[in-house]
Amino acid sequence: MCAMSFNSILYILFLPIVIWIHFTLPRRYQYIWLFAASLLFYLSNDIRYVFGLSFCIATTYFAAILIEKTKLFNRKIILGLCISVNVFALILFRLLWKGSAFAPLGISFYALQAMGYVIDVFRGKTVSEKNVIRYAVYVAFFPTVISGPIQRSTVLLPQLRNGRSFDYGKARIGLYHLLSGYLLKIVIADQLAGKVSFAYNNPDTLPGAALLWATFLYAIQIYCDFAGYSALAIGSAEMLGFDMDANFRQPYFAVSIKDFWGRWHISLSSWLRDYVYIPLGGSRKGKLRTQFNLMVTFLVSGLWHGGGNYIVWGILHGAYNIAGNIRRQLSLKRNPPVMKSAAGLMKDSGDRPDRKGRLNQGRYYTVVSRIFHMAVTFVLVDFAWLFFRADSFEHALNILKRILFDFHFKEMTFYGSYLLGGTRAELVCILFCVIAVFLVDVLHEKNKSIEKMMKDKVPIVIRWTVYIILTLLLILVMIRNYGQAATTFIYETF
Amino acid sequence: MRKLFLKGFIFISITFSAVAVIIRLSTIEPFRSLIAGWTASEDFMGGSGMLPHFERARESDGSTRLIIGDSIANQLFSALQENNPETDILTANAALMITGQYLLADEYLKSHPDATDIYLVMHPLTLTRTFDTEWSYRYAVMTYVETDTIGSLDQNTLETMEDVYGAIFMRKEIVSLIEDSPVCRKLCLSYINTNKEDYVQQSPFEITDQYVRKLYDLCTEHHVTLHIYPSPVSEYYRDTIPDLAEEYENTWMSVQFPEYFDQILFYPEEWSEDMSHFSGEHMQREKLNEIIRNAYGQDAMGGLRLE
């Protein structure tokens, strides 16, 4: 069977058929069709994946039902057993049997989703799903089964239970997300992947400046790749009438590491917050314990990504968060929070006022200050990406050493190594696209929806012309890449 | 939902129409070069270079001898054409396949009623070539379709080619589009290379044996003598040749041309960079002539003038 993923031609044929039949069926039977479609999608990659998926579905399905039916002490045992076996399965497949044919695709995502459901049932946040097929759809929902976003039971299960009616507006937004996702992945991420690989596979032949440039480009690559994937997942779900939360919120506009983790891979960071950090005590057990809990949470994140270098990446972010916390506490002592007029000053985006109406504990940013904090945050994040991308700790250290001690900026420009194996025209085109993404993110940061702006303010002829040109651009880039080995989505490997 | 699907259908129709226009433009200059640049298909702008061979074969130039063969033969003999007007030297390359050599000879004999001899010069490994997904489509299959000679092949060969490449890629209009449009050539060749598999012969000389026999019968019909000679072989392949010679004994060719493997001239490895074609000073005309004399005797190819 031909393997299906979002960037395969087969998926473009698969999705409309699934949508058509989905909305043709009565709402109470839609989940059965989604179950069949999800199985077909998932098992087209490898039929052996059925074992891992079935194990996860079976253990969490029965655990949730039993938890509802038994007394408190037994409920804890059942929960503990269920979590243990699924964590064990995760460790087995992701760390010990990494790369083997038995490691089910997407287990890192659907296992968290399933465990989250069981914990939600334990906490009384949701009722257990008695219909095993419907529950299986929740775990194996094809838009999200391979690489998320990780869905909460309180969000997805009710929608599966109620069924979906066709919503033209939602479908249009879904199409917009699909187009965005493909553009991010194919036009930007895939093009950058070649350049980054060129640098990271040949670090000893390039000056440090070129490696630094490649590390910067990797930050763009991984964002476009993963945000692109999330857009495709969300768009596919929206086409089926489902509502999904955003997984990215302009992460490189973050003014602090804490802010960054409220914007990057939101479904995972919020899952870790709710199911690891808070159960450990969160920030309720004193300052020292808070930092410990933070570090453990980021260690878990590193392990979840696959151990090895990812643990270093996790530790770095843990350390960043701890340092950020300490800095904030020292800053609070120096400058007690006050409510200021926002005239001429920009708010720290994404903040909600506390009970006393203070925003970010009274922190306001001027434009210059905001850009400065964004730049510092980006540098810290990109430094950690170096370890994320490198093949090993030694590889990362070698690259870092060359960046610091073998910079040779002039050599990079003179010999053209900044082109990273490509042509100037290619690089200019990619950078043009990156600037376009940046501008779109600026609009999103100001809570302006491009899709809504296009619909409300742009005549249909121009709107369609833009969409057709973007689609042709997509086809053009696909033709350029045709014949080369296809790049998988980065997070498909987790 | 109908509205969405209708709009989707219209959108897709417009987009594909635009794509069709771009593909059509990619066959005519100046758009051809421009679109090739946009789609990274510059490497696919050139043709296989086989068509002129068939055009020359069809010219009634009064020659009586034909030399055909692979690229090593081409290196040895092609520069001698000017001095040998009575001989048509239409050596090509191994990717044209024995089937292509047969078609070339067939075209030659149709327009040269006074022909007396055909010389087929092929490296032993060339005789084992199969329909592969990397070279044979562009050099062999496309050439056969474009020259309208494909119909002269046996039905089993046509079926084999359809299995390997797909029947659609053997239609004349598709081949013409692929020939004229670098982007279509890139897509087609990449598709075949990625999604298709080489034809696995039942024996190393399966295809060659069938078509050498056809060529022999064709020559007999036209009262022409067929000669088969090996191209010179690098010492690098010295150990491989005995096994091939043993397999050769099981073919029809071995009955008609038993001395093929005995005639092989082995040359030192240093004479070639790729272990097939001569390089460095051994590419000079004098050296090549010396190799011809050593390999085929003083009256090589019916008295070919080497100076």
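A salt bridge is a side-chain nitrogen of Lys or Arg within 4 Å of a carboxyl oxygen of Asp or Glu. The figures below show a predicted model, in which a search over all chains finds 30 salt bridges.

**Figure 1. A salt bridge joins Lys185(A) to Asp225(A).** The N to O distance between the two side chains is 3.0 Å. Lys185(A) belongs to helix 8 (residues 168–201) of chain A, and Asp225(A) to helix 9 (residues 208–239) of chain A. The two residues lie 40 residues apart, and the pair links distant parts of the chain. Lys185(A) has a relative accessible area of 1% and is therefore buried. Asp225(A), with a relative accessible area of 2%, is buried.

**Figure 2. Asp259(A), Arg263(A), Arg370(A) and Glu445(A) are linked in a network.** The links between these four residues are salt bridges. Side chains of opposite charge can pair when their charged atoms come close.

**Figure 3. Two salt bridges of chain B are Arg129(B) with Asp132(B) and Arg238(B) with Glu235(B).** In the pair of Arg129(B) and Asp132(B), the closest N and O atoms are 2.8 Å apart. Asp132(B) has 10% relative accessibility, so this residue counts as buried. In the pair of Arg238(B) and Glu235(B), the corresponding N and O atoms are 2.9 Å apart. Arg238(B) is partly exposed, with a relative accessible area of 38%. Glu235(B) also counts as partly exposed, at 29% relative accessibility.

**Figure 4. Helix 19 of chain A crosses helix 1 of chain B.** The axes of helix 19 (residues 460–481) of chain A and helix 1 (residues 2–25) of chain B come within 10 Å, and the crossing angle is roughly 55°. The two helices are therefore oblique to each other. The crossing of helix 19 of chain A and helix 1 of chain B is right-handed. Helix 19 of chain A contributes Trp464(A), Tyr467(A), Ile468(A), Thr471(A), Leu472(A) and Ile475(A) to the contact. From helix 1 of chain B come Lys7(B), Ile10(B), Phe11(B), Ile14(B), Thr15(B), Ala18(B) and Val19(B). By class, the residues of this contact are 10 nonpolar, two polar and one charged.

**Figure 5. Helix 5 packs with helix 6 in chain A.** The axes of helix 5 (residues 107–123) of chain A and helix 6 (residues 132–140) of chain A are 8 Å apart, at an angle of about 130°. This angle makes helix 5 of chain A oblique to helix 6 of chain A. Tyr110(A), Gln113(A), Ala114(A) and Tyr117(A) of helix 5 of chain A meet Tyr135(A), Tyr138(A) and Val139(A) of helix 6 of chain A. The contact divides into six nonpolar residues, one polar and no charged.

Figure 6. Pro149(A) is in the loop between helix 6 and helix 7 (153–162) of chain A. Pro30(B) lies in the loop between helix 1 and helix 2 (31–38) of chain B.

**Figure 7. Phi is positive at Gln250(A) and at Ala40(B).** Gln250(A), a residue other than glycine, has a phi near 50°. Its place is in the loop between helix 9 and helix 10 (257–260) of chain A. Gln250(A) is buried, with a relative accessible area of 8%. Ala40(B), with phi near 55°, is found in the loop between helix 2 and helix 3 (51–58) of chain B. At 27% relative accessibility, Ala40(B) counts as partly exposed.

**Figure 8. Ser176(B) is shown with Thr240(B), 40 Å away from C-alpha to C-alpha.** In sequence, the two residues are 64 residues apart. Ser176(B) is in helix 8 (residues 172–180) of chain B and counts as partly exposed, at 29% relative accessibility. Chain B as a whole has 14 helices and six strands. Its C-alpha atoms fill a box of roughly 80 × 45 × 40 Å along the principal axes. Of the 307 residues in chain B, 51% are buried.

Terms used
Residues numbered from 1 in each chain as written. Chains lettered and ligands numbered in written order. Predicted model: local features only at pLDDT ≥ 70, side-chain atom pairs only at ≥ 80, totals over all residues. Heavy atoms only, no water. Helix = DSSP H or I, 4+ residues; strand = E, 2+ residues; numbered from the N terminus. Buried < 20%, exposed > 50% of the residue type's maximum accessible area, 1.4 Å probe, protein only. Axes fitted to C-alpha atoms, helices over the stretch in contact; angles between N-to-C directions. Parallel < 35°, antiparallel > 145°, perpendicular 65-115°, else oblique. Left-handed = near helix turned anticlockwise from the far one by under 90°. Contact = heavy atoms within 4.5 Å. Nonpolar A, V, L, I, M, F, W, Y, C, P; charged D, E, K, R; others polar.
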